[in-house]
Amino acid sequence: MPRRKTSGRPGPGRRSQAPDHLAINRALWERQSAAYDRRNARALGGRHAMAWGLWRIPERQLRLLGPVRGRDVLELGCGAARWSSALVGRGAHGVGLDLSKAQLGRARSLRRGRARALPLVRGNAERLPFAARCFDIVFCDWGAMTFCDPDRTVPEVARVIRPGGIFAFAHASPLRDLAFDRRADRYGRRLVRPYFGLGRIDLPGEVDFQRTYGEWIRLFRANGFSVDRLVETRPPEGARSVYLSRSDERWGRSWPLEALWRLRKEPGAVRAPGSPPEGVLYSTSRLVLRDRRAPTENRAVPGDAEEVQQGPHVDAGAPGCRPRARGRSLGTRARGRRPLQ
Ligand SMILES: C[S@@+](CC[C@H](N)C(=O)[O-])C[C@H]1O[C@@H](n2cnc3c(N)ncnc32)[C@H](O)[C@@H]1O
């Protein structure tokens, strides 16, 4: 079980000297993809495919996404993409995005029926390879929002989501990050680190990110999201989670282990200052398409997204972006901080 060390965030305008979290997390998921999937296939598949979090609470009960038929839906950090495949089976136009080649390989091998057409995109949730306002719903279930810097992902989601769209995600509760007793290797009854300053969390071979509740809400509001709901899951007596030890399950009956957010992009919300520019879209044919409003701005996105551009990482048939207004396609359409291991 990983030990936790909260290293905090660099101040505004300062560059982090910390090791590259993308490289660390990518290596983690390339390494543990097969074992993770073997261990959790039952909890994540079949009737649990459209279910949330450590306790696999069904979407039909929580209704965080709402109706999906005919909606353009992006999963951030889709892993084996069981969630997205199930959504496609219910009529959604899904896209699964993940940083890890191994995870996407697994997803590819599991697609069945209508979900065979589910586009899988290798990319980084902090720099999404999609044009603005492509999606009605963006979500993840302990996916990229656990592993990415929220100061980057939240503005990116705000950019690609349409006004009125839904952004829903499950991740660790800030409280659990304060209560992990490293010596006892479990969640304890004492707070072991300060609440203020929660930020980058360095674990052995893994980097996670967290914020205080106030900071999360400020970040959402600054990017045009309103909070519809925050669900703090509390399992019924006797419920079991494949991700937790008995002791941690008991802890989770008294304090929230995870937080599930449902946010709405306010109609007419403006893009937050400093959010990445619009202008790059990856198509099924692996071409970088120009944003029609900025034809000279057709540039490669550095880092992971560039890999998407160069490599065979976007499946044929990827829907990409299909702006509704014009009605035509632009070409493509823990365990503990032991998160889900
Ligand atoms: C715990 S898995 C969740 C996947 C799925 N919901 C599940 O439960 O199997 C987390 C996923 O996030 C992906 N991930 C981590 N960092 C990412 C990033 N920066 N961009 C996109 N995906 C990322 C990992 O590769 C991994 O597949």
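Guide: A helix is a DSSP run of H or I with at least four residues, and helices are numbered from the N terminus. α1 (21-44) is one of them. This model is predicted.

Visitor: What does the protein chain contain by that count?

Guide: The protein chain has ten helices and 16 strands. Of its 341 residues, 47% count as buried.

Visitor: Which element gives the most to the shell around the ligand?

Guide: α1 does, with four residues. β5 (93-98) and α5 (144-147) each supply at least two. The shell holds 24 residues, and Trp29, Gly77, Gly79, Ser100 and Phe147 come nearest to the ligand.

Visitor: How do the residues of that shell divide into nonpolar, polar and charged?

Guide: There are 14 nonpolar, seven polar and three charged residues. Gly counts as polar in this scheme. Trp29 and Phe147 are among the nearest, and Trp and Phe count as nonpolar.

Visitor: What makes alanine 168 buried?

Guide: The cut-off is 20 or more other C-beta atoms within 10 Å. Alanine 168 has 25, so it is buried. This residue lies in strand β8 (residues 161-172).

Visitor: Which residues is alanine 168 in contact with, leaving aside neighbours within four places in sequence?

Guide: Leu64, Leu65, Phe139, Trp261 and Arg262. A contact needs C-beta atoms within 7 Å. Take leucine 64: it is 104 residues from alanine 168 in sequence, yet 6.4 Å away in space, C-alpha to C-alpha.

Visitor: What is in the largest nonpolar core?

Guide: That core has 61 residues, and Val138, Val160 and Phe167 have the most contacts inside it. β8 gives the most to this core, with six residues. A second, separate core has five residues, including Leu54, Trp55, Leu244 and Leu257. In soluble globular proteins, nonpolar side chains tend to be buried together.

Visitor: What does phenylalanine 167 touch, not counting residues up to four places away?

Guide: Phenylalanine 167 touches Val138, Val157, Ile161, Phe225, Leu263 and Lys265.

Visitor: What makes β4 and β5 a pair?

Guide: Pairing takes at least two DSSP bridges. β4 and β5 have five, and they run parallel. One example is valine 73, whose bridge partner in β5 is glycine 94.

Visitor: How many bridges join β11 to β12?

Guide: Four, with the strands running antiparallel; two are enough for a pair. Arginine 200 stands opposite phenylalanine 209 in β12. The hairpin has two residues between the strands, and glycine 205 takes a positive phi near 70° there.

Visitor: How do you know that both faces of β12 are covered?

Guide: In a regular strand the side chains alternate between the two faces of the sheet. Glu206 and Asp208 are on one side of β12, Val207 and Phe209 on the other, and all are buried.

Visitor: Why is helix α3 called largely enclosed?

Guide: Seven of its eight residues (82-89) are buried, so the rest of the structure largely encloses it. The buried ones are Arg82, Trp83, Ser84, Ser85, Ala86, Leu87 and Val88. Their cover includes α1, β4 (72-76), β5, α4 (101-110) and β7 (135-141). Glycine 91 follows α3, with a positive phi near 95°.

Terms used: Residues numbered from 1 in each chain as written. Predicted model: local features only at pLDDT ≥ 70, side-chain atom pairs only at ≥ 80, totals over all residues. Near = placed C-beta within 6 Å. Buried ≥ 20, exposed ≤ 12 C-beta atoms within 10 Å, placed from the backbone. Contact = placed C-beta atoms within 7 Å. Core = buried A, V, L, I, M, F, W, Y, C linked by C-beta atoms within 7 Å.
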